[in-house]
Amino acid sequence: MPWHALSPDELALLEAAFWAGGIARHDLSDTLRFSRSKTNALAAGLLDQGLLDEAGVQHSTGGRRPETLRVHGRIGVLVGVDIGATSLDVALLRPDLSVIARHSQEADVQAGPGPIMARLRSLLPAMLAENGIARDRVLAVGIGVPGPVNFAAGQLVNPPLMPGWDSYAIRDDLREITEAPVFVDNDVNLMALGVLWSQRRQIENFLVIKVGTGIGCGIVCHGELYRGASGSAGDVGHICVDPEGPLCRCGNRGCVEAMAAAPAIVTMGREAAEKGRSAGLAQRLAETGRLEASDIGAACRAGDAEADAIVRRSGRLIGQVLAALVNFYNPSHIFIGGGVSQIGPVFLAAIRQSVNQRSLALSTRHLEITSAPMGPETGLIGAGVLAMREAMRGQTLPGQTLPRQIRPSQTLRSQTSISGGLR
């Protein structure tokens, strides 16, 4: 059926239903500060258009049992893409961000955009066909990349981990396989969106740290993702922790990324193995010819003193950087994700200890430092959040063109204090 341009109030209601994942009419009314009659009228219109769906009834506290409203699953599908330093993950998602299909494969981002994008141009149409989904049913595509992004242009800007990708037009590359809008952002920003969605926007000020081949930070402030003036906010991996430290990919010395991310952990583990300080790591190196961060983590969990020291050192240095961020930003939560975050509890404990030792007492009084809530899928879900949110904001659904000046999130926030493998 044809779609008409939605009003700002309709868009605000649709976005509120999306972030809630399912919400009763009276809760929508309270959230948006609309009258009950206005909320019911708007909801009825969106139900008639097939944009909202009634998903059953909720528990009643008296009177008629309230029905749950959610974004209708048949409006189309979202595509989430997570391009990592060593992997490529693609997912087809429903509007409620449940996964229809997912495919993961190893990939070397340093090979340049040609091989990675060729795989994506082949993989995405195949996944749609395998699941019986026409290409014109794609609402939007969200893509995460491990480097700084000019969000408005959808291009990377001098990414240290991605040689050959500077100013590469990812959007243009995908136009031959989809007419859906494509949105590109830093991978940790997408993790932050994934966490924000999983918490139903009930946590408004938090950080997400991804520790893998690189180290990055996603910042959520007052319920909104913060990218900074030019899109580079959160590039904490290049904060110096030792001016005399090793040379970093960015050209400077002593960056926390060069001293505490996966490559640094592996380098320290190999040194311990080759110099006879760790029999377990030496045996692993002899068996496989290589070490990975997960091997150092396994040795740490098995009681290897040298591996334990390596993991603790990495956590301590990351915690040193986070302590400065805590003193500056005063978040309520820090969520730790990425491949290195999975190497064991000692790593997280070392981060907590370092943050608590170096931060002001007031800033850590209610601070929670924990693992990212959806594990390895946080970035993919965040890519779906980006795709859906930007499709609503900028404003296209299948067969529909909405005015660019309409930004439902601004409407929503003006009406309510409720805000919304390795890297």
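Buried, as used here, means under 20% relative accessible area, exposed means over 50%, and partly exposed covers what falls in between (1.4 Å probe, protein chains only). The model is a predicted one, with local features needing pLDDT of at least 70 and side-chain atom pairs counting only at pLDDT 80 or more, while totals for chains, interfaces and linings use all residues. Residues are numbered from 1 along each chain as its sequence is written, and side-chain values rest on heavy atoms, with hydrogens and water left out.

At 34% relative accessibility, C250 comes out as partly exposed. Its closest cysteine sulfur belongs to C255 and sits 3.7 Å away, which is too far for a bond. With a disulfide taken as a pair of cysteine sulfur atoms within 2.5 Å, the structure has zero of them. C300, for its part, is buried, at a relative accessible area of 8%.

Next up is helix α1, residues 8-20. Helices (H or I, at least four residues) and strands (E, at least two) are DSSP runs, numbered from the N terminus. Among the buried ones are L13, L14, A17, F18 and W19. Just past the helix, G21 adopts a positive phi of about 75 degrees.

Rings of Phe, Tyr and Trp (its six-membered ring) pair if their centres lie within 6.5 Å, with planes under 30 degrees apart called stacked, over 60 edge-to-face and the rest tilted. In one of them, the F18 and W19 rings have centres 5.6 Å apart and planes at 70 degrees, so they meet edge-to-face. F18 is buried at 3% relative accessible area, and W19 is buried with a value of 3%. Another edge-to-face pair is F206 with F335, with centres 5.5 Å apart and planes at 90 degrees. F206 lies in strand β11 (residues 206-211) and F335 in strand β14 (residues 333-337), so this pair ties together parts 129 residues apart in sequence. Both F206 and F335 are buried.

Charges turn up over rings too, meaning NZ of Lys or CZ of Arg within 6 Å of the ring centre and within 35 degrees of the ring normal. R201 lies over the face of W19, at 4.0 Å from the ring centre, and the charged end of K38 sits over F34, 4.2 Å from the centre of that ring.

As for nonpolar cores, these are sets of buried Ala, Val, Leu, Ile, Met, Phe, Trp, Tyr and Cys residues joined through side-chain atoms within 4.5 Å. The largest holds 52 residues, and those touching the most other members include F18, L52 and F206. Helix α14 (residues 378-395) supplies the largest share of this core, nine residues. Contact means heavy atoms within 4.5 Å; leaving aside neighbours within four places in sequence, L52 contacts residues including L13, L14 and A17. A separate core has 45 residues, among them M268, L291, V346 and I369.

Finally, D185 sits in strand β10 (residues 182-186). D185 is buried, at a relative accessible area of 1%. Beyond neighbours within four places in sequence, the contacts of D185 include R227, F151 and L386.

Technical notes:
Expected span 1.5 Å × (residues − 1).
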